[in-house]
Amino acid sequence: MSNDNITQLNQAFALQQGSQQLQFSLGPGDIPVIDIVNSQASAKISLQGAHLLSWIPEGEADVIWLSSDASFAVGKSVRGGIPICWPWFGAHESDSSFPAHGFARTVLWQVSDTQALASGETQITFQLDSRELADKYRAMWPQASLVEYRLTIGKQLSMELITTNHSDQDIRIGQALHTYFHIADIADTRVHGLEGKDYLDKTDGFKRKAQKGAIVINSEVDRVYVETADEVVIDDQRRQIHIQKYGSESTVVWNPWQAVAEKMGDLGKEGYRKMLCVESANAVEDTVTIAAGDSFSLRVLYQIAPV
Ligand code: TA6
């Protein structure tokens, strides 16, 4: 991407309301980024992957964690933020050479609309049209489909991921908003709302287990909680992050802990103490079939509350 592309994006989509509310610039790795500032919050989003990198509601610390060792390169997913896993979650079910968590997080999305809402929030809509993908991705996903991703930035963060099937057959997708939440300290953090639910434990051959009480993390955790459509709350004893979701039956909870984090190489020193992924997903037993011509919406809302 060049500075000319940035000028064109700003001409088409920048928002000015007194001061600059939404603008594009060239970020690290020559990847365009969008800065949003309104009276309720600020945010940063990369055009690669439509990847939200930061959301800071007024008066709060960043709710989203981004690794100090994150690298920004064309075609590479960023460690932190909100990667979009689509059209599959985790490993591809039949071809291990395909990238984990799909390709949506590593390709450039199109911006289709920006709006300064009367509520004071800022809305931006991205699109990913499978018919316009490079050949290597079309080989992985030949089905005609359009994904729209609408983010509303304010005191709350709202995200909607809508997949429309433009082919003449059913399509089946797995997906997740793979959010890295910024927490004060993993030792003080509890996750509520999944008590009594079954999960598939990736660290133990995907064995099915039952959650007893709130989730406490003191070693590697990599779990897909099934049949979990209800609200989840992360409490780090400084604040609570409330996660409401619609059109998501699975919830993934992940922290690699120290040894795995060290091998990953981009999680930062002690990064695992400051991050926790709680992902609103349709994964494993809960992939979604979309009939020809139909759409499916995954909608997720984050809000902060005092402890
Ligand atoms: O969502 C949890 C998970 O699937 C873990 O198994 C872990 O590997 C993580 O995602 C990160 O995946 P990535 O492909 O971004 O390295």
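I started with contacts (heavy atoms within 4.5 Å). Among contacts in the chain with a separation of 6 or more, 62% join residues 24 or more positions apart.

Before going on, I noted that this is a predicted model, where local features need pLDDT of at least 70, side-chain atom pairs count only at pLDDT 80 or more, and totals for chains, interfaces and linings use all residues. Residues are numbered from 1 along each chain as its sequence is written, and side-chain values use heavy atoms, with hydrogens and water left out.

**Overall form**

I checked the radius of gyration, taken over C-alpha atoms, against the globule rule of 2.2 Å times the number of residues to the power 0.38. The chain has 19 Å, which agrees with the value near 19 Å for a compact globule of 307 residues. I read the span of the C-alpha trace along its principal axes as about 55 × 50 × 35 Å.

Next came burial (buried is under 20% relative accessible area, exposed over 50%, partly exposed in between; 1.4 Å probe, protein chains only). Of the 307 residues, 53% count as buried.

I also looked up charges, with Lys and Arg as positive, Asp and Glu as negative, and His and the chain ends not counted. Each charge is placed at NZ of Lys, CZ of Arg, CG of Asp or CD of Glu. There are 26 positive and 39 negative side chains, and the centres of the two sets lie 5 Å apart.

**Strands**

I took helices (H or I, at least four residues) and strands (E, at least two) as DSSP runs, numbered from the N terminus. The chain has three helices and 24 strands.

Strands pair if DSSP finds at least two bridges between them. I traced an open, antiparallel sheet of nine strands in the order β7-β8-β9-β10-β24-β20-β19-β14-β17. Its edge strands, β7 (110–116) and β17 (215–216), each pair on one side only. I followed β7 to β8 (residues 122–129) and found six bridges in the antiparallel sense. Ala116 stands opposite Thr122 in β8.

Most residues other than glycine have a negative phi, and most peptide bonds are trans. I went looking for exceptions.

The peptide bond from Trp86 to Pro87 is cis, with omega near 0°. Pro87 is in the loop between β6 (84–85) and β7.

His101 lies in the loop between β6 and β7. Its phi is positive, about 65°, although His101 is not a glycine. I logged His101 as buried because its relative accessibility is 13%.

Phe206, also not a glycine, has a positive phi of about 60°. I placed Phe206 in the loop between β15 (198–201) and β16 (207–210). At 41% relative accessibility, Phe206 counts as partly exposed.
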